[in-house]
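Please open the model in your viewer and keep the sequence panel beside it, as this tour goes from one selection to the next. At each stop you will be told what to select and what can be found there.

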Amino acid sequence: MSASQSPAYVVTDNQLKHYKEQGFLIVHRLYTPEECDEIIARAEGMVDGTVPMYKGNALYMEPEAVERGLVTEEKPSSEYLFKIGHEMHLTDPVFRYYAMHEKIADVLNALIGPDIKCIQSMYIDKPRNLGIGQPYHQDSHYLKTVPDTVIGVWIACDDVDVANGCLHVIPGSQGSKIYPHDVPVDVLQRKYFQEVHAARTMSEVPCILPKGSAVFFPGTMLHRSGNNVTEDRQRRAYVLHYADAHSEPGRAYSVPNPHLLVRGRQYPGCI
Ligand SMILES: O=C(O)CCC(=O)C(=O)O
C-alpha cells in the first residue's frame, strides 16, 4: 500500500484489545463470496486436472472416504477432497493473489507489524457427512520461527458452523507453552493429525462464520475443527500462515529468504 492509498481494512483498538486478551480476531467479509468461489473453482481445477499442480503441492483425499472405497488417492475427486497444500502461495497465481490480499496484509500489519511473510498455504475441505475434524493442536508445534511470530489466518469459503466442522478456539490459550502433541483419542483422526489431550478439559468457543469471514490467531493458540456431520454442506477453507519477516527460520533452508514477501521488507538471515 502506498502512503496515498487508504487501507483496505482498519483494525480498531477494541479488536486489538480482544486479540491480545482472547488470542483471536474475527474479520468479517475478508473475501467476498465471489472471491471464495474463485478459490473453490481453482482448487476443483487442481483436483480434476484442468489447473496445473505446481511444485511443492499435493492433493490429499479424505481418509475415511479412501477407507470406505469411495475414492482413491490415484483418482481424486473434489467430493472427497481433504486438503491441497502447502505451497500454493508460492506457485499458483490465484492462491498467491489471495494470500497477498490487501485486507489480510492490513490486519497483519496491525497484529505483527509491517514486514510480513507468508510461510504456508492450505486449502482444506471437509466433505459432507464424512469430513473428519482436526483435534486440538498448536500451529507453532509444526511451523517454527525464532522468535515465534507465527500467525494463522483461517478463511471460511462456505458458511461454517458446528454441524459442518467450523474452527473452535480456546480463548487465552495463546499465552501457553507448546504442549506435547500425541496420538489422537479418535482413531479416525490418526492418519494425519496429532492431539493436545490437555485441551479436552478447557473451555472452547466455536467460530461460526459466514462465507468469506476469517479468524486470525497466533501459532500458540489451541484450536481444533469439528467433523462435518451435515448431509449436504461442504466445509471448505483457505488456511494461511504468516510470520514477521524479521524472524529467523526454525530450520535450515538451502535458499536465503525462502518465504513469500507479502508486504514490507525482508532481512538477511531471516525467513
Ligand atoms: O480446517 C481445519 O479443519 C483445521 C485447520 C487447522 O486447524 C490448521 O490448519 O491448523
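Begin by selecting G133, which counts as buried because it has 22 C-beta neighbours inside 10 Å; here a residue is buried if 20 or more other C-beta atoms lie within 10 Å of its own, exposed if 12 or fewer, and partly exposed in between, with C-beta atoms placed from the backbone. This is a predicted model, in which local features need pLDDT of at least 70 and side-chain atom pairs count only at pLDDT 80 or more, while totals for chains, interfaces and linings use all residues. Residues are numbered from 1 along each chain as its sequence is written.

G133 sits in the loop between β4 and β5 (145–146), where strands (E, at least two residues) and helices (H or I, at least four) are DSSP runs numbered from the N terminus. Leaving aside residues up to four places away in sequence, G133 touches G165, R224, S225, G226 and N227, contact being defined as C-beta atoms, placed from the backbone, within 7 Å of each other. If you also select A43, 90 residues apart from G133 along the chain, you will find 20 Å between the two C-alpha atoms.

Next, select R224 in β10, and then H168, which stands opposite R224. The C-alpha atoms of H168 and E195, which are 27 residues apart along the chain, are separated by 14 Å.

Now widen the selection to whole strands. Strand β7 (residues 167–169) and β10 run antiparallel and are joined by three bridges, and two strands are said to pair if DSSP finds at least two bridges between them. They belong to an open sheet of three strands, paired antiparallel in the order β8-β7-β10. At the edges stand β8 (205–207) and β10, each with a single partner strand, so one side of each is left without a neighbour in the sheet.

Move on to β2 (residues 58–61) and β3 (residues 81–86), two antiparallel strands joined by four bridges; within this pair, M61 is placed opposite L81 in β3. Four bridges also join β3 to β4, and these strands run antiparallel, with Y123 in β4 as the bridge partner of I84.

In α6 (residues 102–112), select I104, A105, V107, L108, L111 and I112, which are buried. Looking down the axis of α6, you will see these buried residues fall within an arc of 165 degrees (taken from the directions from the helix axis to the C-beta atoms), so they line one face of the helix. After α6 comes G113, with a positive phi near 110 degrees.

Conventions:
Two residues are in contact if their C-beta atoms, placed from the backbone, lie within 7 Å.
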